[in-house]
Amino acid sequence: MAIEAASSLHRPIKIWSDRLSSTILYPKSHYSMVREIQTLLLSHKHIRLRWLKAHVGYLGNECADQLAIEAVTKDDPFFLPKPLSYLESEIRSAALSIWQDNWDYGETGRSTHDIVPRVSNKPVGWNREELMFVTGHGPFPSYLQSLNT
């Protein structure tokens, strides 16, 4: 930990971080690591924490971020390099693409395909009668036969 290393030096030290956690500033934290950091900061007045903006090209900060990622992920077989929301979006997109291919090149529902060529997981807002008419499912053939048309 940078604060522990800096505590042995007896000169003014600034530790720059892109994430000055509010938990470090909260005096009643339940986390032992936070309490340890607070104790070190209180007992070593020559150490100051400072904030810098993240991801704007500060070389030291970018290197620190990369090292932190490597430290966290090197022993974690379940590490995901992308956020879960990104993976969900990719899976949804792939599923829609497969569904669209099956709809475009399938053998059934061709008359419906002419009216609704694009698949979607969003409701179309049609009522029951409109759906029966477009799909050809429902009482229409028998109804028309009963009228002798």
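Reply: The count of aromatic pairs is zero. The rule pairs rings of Phe, Tyr and Trp (its six-membered ring) if their centres lie within 6.5 Å, with planes under 30 degrees apart called stacked, over 60 edge-to-face and the rest tilted. This is a predicted model, in which local features need pLDDT of at least 70 and side-chain atom pairs count only at pLDDT 80 or more, while totals for chains, interfaces and linings use all residues. Residues are numbered from 1 along each chain as its sequence is written, and side-chain values use heavy atoms, with hydrogens and water left out.

A ring does take part in a contact with a charge: the charged end of R110 sits over the ring of W103, 5.4 Å from the ring centre. The test asks for NZ of Lys or CZ of Arg within 6 Å of the ring centre and within 35 degrees of the ring normal.

Helices (H or I, at least four residues) and strands (E, at least two) are DSSP runs, numbered from the N terminus. Buried means under 20% relative accessible area, exposed over 50%, and partly exposed in between (1.4 Å probe, protein chains only). Setting aside residues up to four places away in sequence, T112 touches W103, V134 and T135; contact means heavy atoms within 4.5 Å. T112 and V134 are 22 residues apart in sequence, yet their C-alpha atoms are 5.9 Å apart.

H113, also in α6, is buried too, with a relative accessible area of 16%. Beyond its neighbours within four places in sequence, H113 is in contact with W103 and D104. The H113 and D104 side chains make a polar contact at 3.0 Å. Such a contact is a pair of N or O atoms within 3.5 Å; within protein, one must be able to donate a hydrogen and the other to accept it, and residues adjacent in sequence count only if both atoms are side-chain atoms.

Helix α7 spans residues 128-135. N127 caps its N-terminal end, with a side-chain oxygen 3.1 Å from the backbone nitrogen of E129. Just after α7, G136 has a positive phi of about 80 degrees.

As for confidence, pLDDT is the predictor's confidence in each residue, from 0 to 100. The chain mean is 79, with 83% of residues at 70 or more.

The chain as a whole has eight helices and two strands. Buried residues make up 17% of its 149 residues. The largest nonpolar core has nine residues, among them I3, A6 and I13; such a core is a set of buried Ala, Val, Leu, Ile, Met, Phe, Trp, Tyr and Cys residues joined through side-chain atoms within 4.5 Å. Of the elements, α3 gives the most to this core, with three residues.
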